[in-house]
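Welcome! Take a look at it first, and then read on.

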Amino acid sequence: MRVLSGIQPTGRFHWGNYFGAIRQYIDLQHDNEAYYFIANLHGLTTVRDGAVLWQNTMEAALDLLALGLDPNRATLFVQSDIPEVCELTWLLMTGTPLGLLERCHAFKEKKAKGLPADAGLFTYPVLMAADILAYDSQLVPVGEDQVQHIEVCRDLAGSFNFSFGEVFVLPQAKVMENAARVPGTDGEKMSKSYNNTIEIFEEPKSVRKKVMRMVTDSRPVEEPKIPETDPLFQLYSLFVGDQQREAMAARYRAGGFGYGEVKKALAEAAEGYFAEPRARRLELAAHPERVREILGDGAQRARAQAQRTLRRAQEACGVKGRS
Ligand code: TYM
């Protein structure tokens, strides 16, 4: 299968990005043809400092490689290295109903909060659709918050195909069942914009501090507790196997233990889980030229595919003559 996904370099990646998306990228690279990219053009809708955006982009590549993305299996590239995607965005934009974009939650939420929204944010799902369609992607691993955008992509591809013939492959979203919406330190969806994130490569001391400060309900120690609805338990479950998860759930239900214990267990599990990638990241960071080379190779491969798709779309809609 052709797998594709993108991730914005708006800051350092957090546990939500990892369990919702990056872990799927790594799993899927083994038996599929996988394309993964750093969505810096999308990032530009929020990061308005060029030096920061560039720095974030390089850090993002390091993070992904350290976490196990293998450039010999998957194609890793930077979104803006494929200008064909922007051209494809325009072709799709001409058939995009405004109402469809008005219903998209990224835009709706910002507007509801009274924050200024620009045309980039409004048309963001069209660029995302072009990202997906340019590579004839069949499967798009994402967290739950991106599913709506993949529906939009299917709509746009379907209506383009209806007007101009079978040009685009319609993709499917792939969401992890137990990590569709990873909670943040306040129990809401973990997200940079909610300021409730724990970063994958954050210093263990700082992780511990954030975990220890997580708000819990006020049940006294002796009372039984409900694991499933507790964000601490949900996070802990992501880092451990079934047996450890069940053992912890049993302790919740039995009562006689405090949330402090699960906090400690969570911080320890997280530190152990990311220890190896952390060491790998240090090694990789010493060779920035290697990372640039990987991104250059990736861009070349991705671009060849995007060029073919763009040509097909251009010919179908009549902005280029048939070859
Ligand atoms: P972005 O950068 O916001 O998020 C990257 C990935 O992380 C997932 N994610 C989460 N999953 C579970 N729980 C959470 N708390 C959580 N927070 C983030 C997101 O669902 C996403 O999969 N528009 C995209 C980037 C993009 C893209 C694409 C994705 C651009 N073009 C084409 C797929 C295909 C975005 O902003 O993701």
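**Aromatic pairs and a helix contact**

Phe160 has a relative accessible area of 6%, under the 20% cut-off, so this residue counts as buried. Please keep in mind that the model is predicted.

**Aromatic rings**

- Searching the whole structure turns up 19 aromatic pairs.
- One of them joins Phe77 and Tyr135: the ring centres are 5.5 Å apart and the planes meet at 55°, so this pair is tilted.
- Phe77 belongs to strand 3 (residues 74-78), while Tyr135 sits in the loop between helix 7 (119-133) and strand 4 (139-141), so the pair ties together parts that are 58 residues apart in sequence.
- Both Phe77 and Tyr135 are buried.
- Phe160 forms a tilted aromatic pair with Phe168, at 4.9 Å centre to centre and 50° between the planes.
- Phe168 is buried as well, with a relative accessible area of 4%.
- Trp15, Tyr18, Phe19, Phe239, Tyr273 and Phe274 come together in one aromatic cluster.

**Helix 9 and helix 12**

- Helix 9 (residues 204-212) packs with helix 12 (residues 259-273) at an angle of about 150°, and their axes are 9 Å apart.
- Angles over 145 degrees count as roughly antiparallel, and helix 9 and helix 12 are therefore roughly antiparallel to each other.
- The crossing of helix 9 past helix 12 is right-handed.
- From helix 9, Pro204, Arg208, Val211 and Met212 meet Gly260, Lys263, Lys264, Leu266, Ala267, Glu268 and Glu271 of helix 12.
- Sorted by class, this contact of helix 9 with helix 12 has five nonpolar, one polar and five charged residues.

How values were computed:
Residues numbered from 1 in each chain as written. Predicted model: local features only at pLDDT ≥ 70, side-chain atom pairs only at ≥ 80, totals over all residues. Heavy atoms only, no water. Axes fitted to C-alpha atoms, helices over the stretch in contact; angles between N-to-C directions. Helix = DSSP H or I, 4+ residues; strand = E, 2+ residues; numbered from the N terminus. Parallel < 35°, antiparallel > 145°, perpendicular 65-115°, else oblique. Left-handed = near helix turned anticlockwise from the far one by under 90°. Contact = heavy atoms within 4.5 Å. Nonpolar A, V, L, I, M, F, W, Y, C, P; charged D, E, K, R; others polar. Phe/Tyr/Trp six-rings, centres within 6.5 Å; stacked < 30°, edge-to-face > 60°. Buried < 20%, exposed > 50% of the residue type's maximum accessible area, 1.4 Å probe, protein only.
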